[in-house]
Amino acid sequence: MCYAFVVQTLKNKREKRNRLLSALKNRSRTFKFMLSGFPEGFLPRDLTLLVQRSLADVCEHLARLEPEDPSHMNDYQHVSAKMTESQRQAKPAKSTPLENPQQINDVKKCLEELNKFVHTLEAKKTVSPPQSAHYRQQIKDVVLKLTVDSYALQGSKAKHHGKTRLAAHYYELALNLMLREGTAGRYDAQISQFKTILQQLKQELAKEQHAKNPTASASKEKPEEMSSEWENYTETDSSWKKKNIYD
């Protein structure tokens, strides 16, 4: 009976250890996905440090559980160096606009995972409610930038294909969003740029309409449907579901 008890206890410990290893490795992959999915300068410094610090903790835990695997300590040293580099940054790196739909989709997935993680930290009381609110506001700001870049990409694509009305529609959406939701001064350069583009498009549209039959309809130029979660992100916080995917 003692032998059976010892065997069962050891089996339970192995299973528990394996579950913990699996959960930690899943978290590691998720954090790495976040860090590699965001373009340089796209994510605010505080959010970057949050992900880097969380990944470092996971790598350190994995290194203790599997000391025979050198990759965990290598990952820990790499992310620690990146974290030190992020902490030394006096000002945020210049962010470049997203340039293709696949990149936008990748960043969207990263933001969804990051938002879930912040809610999880708050639920576990790892971060205080004010800290969590700060992180969520920063994520919301990044969502705004993502949406603006998405509209600009669709507008540029429509303009390239000669769909002037559709292009103007997208640039107007982006412009109105920045004016309504953007932090004062943050989007001044982009607002000025989009106003110039929109003015040019409206001039082109006026010329096209003058050259066409006045009864011709441009109704065929319908914008592609945008995800309601991203287009209406400012209307309610319920779009950010508090789904816990972490142990």
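**Notebook: an all-helix chain**

I started with contacts (heavy atoms within 4.5 Å): among those in the chain with a separation of 6 or more, 77% are between residues 24 or more positions apart. Before going on, I noted that this is a predicted model, where local features need pLDDT of at least 70, side-chain atom pairs count only at pLDDT 80 or more, and totals for chains, interfaces and linings use all residues. I also noted that residues are numbered from 1 along each chain as its sequence is written, and that side-chain values use heavy atoms, with hydrogens and water left out.

**Entry: secondary structure**

I took helices (H or I, at least four residues) and strands (E, at least two) as DSSP runs, numbered from the N terminus. The chain has eight helices and zero strands. Read along the sequence, that gives the pattern α-α-α-α-α-α-α-α.

**Entry: surface and burial**

I used the Shrake-Rupley method with a 1.4 Å probe for accessible areas; for residues, only the protein chains shown count as cover. The accessible surface of the chain is about 15,500 Å², and 51% of it belongs to carbon and sulfur atoms. For burial I kept to relative accessible area: buried is under 20%, exposed is over 50%, and partly exposed lies in between (1.4 Å probe, protein chains only). By that rule, 36% of the 247 residues of the chain are buried.

**Entry: helix α7**

Which residues of α7 are buried? I found Q190, I191, F194, I197, L198, L201 and L205. Their cover includes α5 (129–160) and α6 (164–181).

**Entry: nonpolar cores**

I counted a nonpolar core as a set of buried Ala, Val, Leu, Ile, Met, Phe, Trp, Tyr and Cys residues joined through side-chain atoms within 4.5 Å. The largest one has 33 residues, and F38 and L111 touch the most other members. Two or more residues each come from α1 (2–37), α2 (45–65), α3 (70–88), α4 (101–123) and α5. The largest share, nine residues, is from α2. A second, separate core has 20 residues, including L144, Y171, A174 and F194.

**Entry: aromatic pairs**

I paired rings of Phe, Tyr and Trp (its six-membered ring) if their centres lie within 6.5 Å; planes under 30 degrees apart are stacked, over 60 edge-to-face, and the rest tilted. The count is three aromatic pairs. F31 and F117 have ring centres 4.9 Å apart and planes at 70 degrees, so I logged the pair as edge-to-face. This pair links distant parts of the chain, with F31 in helix α1 and F117 in helix α4, 86 residues apart. F31 is buried at 2% relative accessible area, and F117 is buried at 6%.

Y171 and F194 are also edge-to-face, at 5.3 Å centre to centre and 85 degrees between the planes. Here Y171 sits in helix α6 and F194 in helix α7, 23 residues apart. Y171 is buried at 6% relative accessibility, and F194 at 3%.

**Entry: cysteines**

How many disulfides (pairs of cysteine sulfur atoms within 2.5 Å) does a search of the whole structure find? I got zero. I looked up C59, which is buried at 2% relative accessibility, and C110, which is buried at 0%.

Methods. Disulfide = S-S within 2.5 Å.
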